[in-house]
Amino acid sequence: MAELEIKNVVKEYSLGKMKFRALEDINLSFEKGELVSIMGESGSGKSTLMNLIGGLDSDYQGDILIDGKNLKDFKDKQLDDYRKKKIGFVFQSFNLIPHLSILDNVTIALTLSNVKESVKNEKAIEILTKLGLKEQIKKKPTQLSGGQKQRVAIARALINDPDIILADEPTGALDSQTTTQILNLLKEIADDEGKLVIMVTHSEKVASISSRVVEISDGKIVRDEKAENYQKRTTKRQLIIHKENQEVAQEKPKKEKHLSFLSALKLSIHNMWASKVKNILMAIGVSISLIALIIMLSFGSGLTGYINSLAQSYSDPTIATISKSGLDRNGNEIEDQGGMSFMPDMFEESEISEIVTELNTYLQQNDSEFRVITEGEDKNLSYGYFMITMAAGSILYTKADGSSASSQIMATYTTPPYYDENQLITDNSTISGEDEIMLSRAIVSAMGYENPEDVVGKTVKLQINFSYNDTLINIDKDVTISGLVDVSVFSGMTVMYIDYDYLDKCVIEAQNTENPTGLKPSQLYIQTDSEQTTDLINRYISQNRKDLTGSVEEQLASMFSEMMSTFSVALAIIGGISLIVALIMILVVLYMSVSERTREIGVLKSIGARKKDIKLIFSTESLLIGIISAISGILLSLIIIGVLSLIFNSLLGFAPIAVEWQYLLIAFVISVVISVLAGLYPASKAAKLDPVESLRHE
């Protein structure tokens with residue numbers, strides 16, 4: 001049986017609405033050990049025939065039989081295996097991959113078959129040594145002469161021990177002496193190794209050493225001659241070939257291996273290093289987007305954490321605070337009948353009783369021994385009051401220079417039970433009692449004193465005028481500043497703190513009636529036995545009473561937390577937009593890379609690379625870009641955040657920026673995901689490239 005049979009093959013190209021016939025009714029038969037020259041003028045159809053034989057082009061009519069099997073029946077996978085195992089290509093322009101070493105250029109076909117590193121290197125070195133290139137294995141193709149490059153191309157064609165060598169103008173770019181060397185080498189391959197060598201050539205010198213010459217003109221065979229001494233050489237070869245065929249037939253078929261991820265990773269590293277400047281710039285571009293995202297998230301986290309920590313520092317985990325939320329129990333907003341009001345929502349006695357009953361029932365159901373007690377020595381429920389008094393309250397005082405002045409009280413707040421010496425900012429400060437008030441730090445500058453301790457002990461006149469239960473309340477008292485308080489968001493405002501019982505007494509006096517109602521609380525404080533009980537009460541309020549909420553500090557902290565959450569989302573969106581830009585940048589660069597490496601892709605396909613292999617190589621490159629970008633972006637972010645923390649601490653005394661490990665993980669995942677996504681289209685495009693057109697690409 002012939003090694004290769006071509007029967008009635010016709011190949012046509014479409015040129016618009018017209019068709020051009022490149023090959024017409026080609027019938028040929030080749031045997032192992034033949035050295036065949038296919039000759040003809042440019043455009044005669046020589047290279048087209050070679051592409052069909054090599055399985056690079058399967059769009060033809062007729063049959064091409066390899067060992068009796070028809071190439072037309074081969075699926076894509078079978079064609080890939082055919083090119084990998086059966087065919088070895090030698091190109092006129094060598095088509096060596098420039099960024100790979102000579103050794104890697106030769107072993108690339110074995111890499112596609114996932115052959116062990118040691119095995120493929122040993123085999124490649126053996127072939128290169130035979131071809132006189134042992135000393136060149138670490139060099140790059142650009143460091144070799146034309147003849148050496150062609151020998152490397154021949155070594156690459158031989159590495160998988162194919163049965164057929166297809167050489168397209170193998171001496172076209174070589175000088176006379178080198179041409180002779182290459183021709184003798186190809187002749188040895190045919191004579192000594194019994195391979196079928198088919199050469200496309202214009203040269204009569206090449207044809208003269210061939211065992212057979214086939215001439216094509218206008219797509220038709222016009223000559224098919226064998227050398228006179230061909231039969232004698234064949235007889236010697238057939239003995240060798242027959243023995244090899246018997247040995248092969250006895251071997252058990254091995255499971256086919258393909259390009260592994262690790263091999264693709266190694267190739268990708270080589271490819272990326274060859275264009276390191278471009279890839280470094282691309283990684284920097286993605287890193288900048290990641291840095292922006294991480295820093296923005298860290299700012300949001302830092303500010304939110306700072307506000308929450310301040311709120312927690314001015315509270316007690318064993319005190320549950322209850323206020324009205326401004327909603328009804330169904331969560332609907334309560335209409336304000338009087339327009340905008342700065343007066344608080346106050347608790348009636350019946351409401352307090354209802355809340356206490358519900359809480360005690362809930363605590364009992366949850367196996368808690370604690371109970372809310374409203375009267376007696378064991379009483380653990382106390383009251384508080386908070387109102388905005390911007391235009392209704394003021395204090396009259398004597399400034400440091402002796403002049404009289406007044407200052408508006410922005411808010412009046414009864415001293416919460418969890419305020420103690422930790423909130424006082426001077427050593428001579430005390431918690432206010434009767435005829436005493438405490439003020440926020442802002443009053444120090446307003447009164448013209450440089451030293452906060454000088455303000456404590458000063459007597460001021462307190463004036464508050466407000467409507468309470470349809471009665472105008474006028475409070476006009478001489479009071480002493482017992483202390484200065486530093487309380488988070490209130491520190492920059494003129495806030496007055498006053499004892500609840502004392503304020504209640506002032507309201508009763510101002511009502512001036514036989515049956516004064518006194519002050520109704522706007523806040524309830526429950527002194528619990530543990531933090532767990534406090535959490536239990538807070539859980540009940542949040543799950544069952546939408547008309548209730550926590551303390552003023554908690555409400556403000558919640559408000560600021562919501563604002564910061566919105567701010568963080570906005571920052572994350574900005575970072576996300578920059579990541580989209582980075583994705584587009586990666587896509588464009590990888591797309592351009594496919595164009596730049598089109599011929600390389602054609603070479604890989606000619607030696608048996610599957611579409612999956614091409615996709616894997618390019619996808620691995622995009623994965624590497626994502627990993628490199630993520631690592632560099634995370635490291636740079638940590639450095640920048642560290643520097644910013646030092647700056648903020650020196651300027652503000654605290655750093656409103658906090659990086660969390662999950663942000664780094666998110667950044668890493670995002671970087672990898674967008675890089676892989678960006679690489680999908682270029683990888684798919686590379687895999688779909690036509691091998692014939694790719695090899696012609698300049």
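A walk through the model

Guide: Asn8 is a residue of strand E1, which covers residues 4-15, where helices (H or I, at least four residues) and strands (E, at least two) are DSSP runs, numbered from the N terminus. Please keep in mind that this is a predicted model, in which local features need pLDDT of at least 70, side-chain atom pairs count only at pLDDT 80 or more, and totals for chains, interfaces and linings use all residues. Residues are numbered from 1 along each chain as its sequence is written, and side-chain values use heavy atoms, with hydrogens and water left out.

Visitor: OK, and what is the phi of Asn8?

Guide: The phi of Asn8 is near 50 degrees, which is a positive value in a residue other than glycine. Asn8 counts as partly exposed because its relative accessibility is 45%, and that class lies between buried (under 20% relative accessible area) and exposed (over 50%), using a 1.4 Å probe and protein chains only.

Visitor: Which other residue has a positive phi without being glycine?

Guide: One of them is Asn95, with a phi near 55 degrees, and it is found in the loop between strand E6 (87-90) and H3. Asn95 is buried, since its relative accessible area is 6%.

Visitor: Let's zoom out. How many helices and strands are in the protein?

Guide: The protein has 19 helices and 22 strands, and 48% of its 698 residues are buried. Among the contacts with a separation of 6 or more, 77% are between residues 24 or more positions apart.

Visitor: Can we look at a helix? What is the length of H4?

Guide: Helix H4 takes in residues 117-130, which is 14 residues, and reaches 20 Å from its first C-alpha to its last, close to the 20 Å expected when the span is taken as 1.5 Å times one less than the number of residues.

Visitor: Which residues of H4 are buried?

Guide: In H4, the buried residues are Lys120, Asn121, Ala124, Ile127 and Leu128. They cover an arc of only 130 degrees around the axis, which puts them on the same side of H4; the arc is that of the directions from the helix axis to the C-beta atoms. On the other side of H4, Ser118, Glu122, Glu126 and Lys130 are exposed.

Visitor: Why do residues three or four places apart point the same way?

Guide: An α-helix has 3.6 residues a turn, so residues three or four places apart point the same way.

Visitor: And what covers the buried residues of H4?

Guide: The cover includes helix H3 (102-112) and helix H5 (146-158). H4 is followed by Gly132, whose phi is positive, near 75 degrees.

Visitor: New topic, aromatic rings. How many pairs are there?

Guide: Rings of Phe, Tyr and Trp (its six-membered ring) pair if their centres lie within 6.5 Å, and planes under 30 degrees apart count as stacked, over 60 as edge-to-face and the rest as tilted. By this rule there are 11 aromatic pairs. The rings of Tyr362 and Tyr540 have centres 4.9 Å apart and planes at 45 degrees, so this pair is tilted. The pair links distant parts of the chain, with Tyr362 in helix H11 (residues 349-365) and Tyr540 in helix H14 (residues 531-544), 178 residues apart.

Visitor: Are Tyr362 and Tyr540 buried or exposed?

Guide: Both Tyr362 and Tyr540 are buried. The rings of Tyr419 and Tyr497 have centres 5.7 Å apart and planes at 55 degrees, so that pair is tilted.

Visitor: Where does the charged end of Lys11 sit?

Guide: The charged end of Lys11 sits over the ring of Tyr13, 4.9 Å from its centre, and this label requires NZ of Lys or CZ of Arg to be within 6 Å of the ring centre and within 35 degrees of the ring normal. Lys324 lies over the face of Phe347, at 5.4 Å from the ring centre.

Conventions:
Contact = heavy atoms within 4.5 Å.
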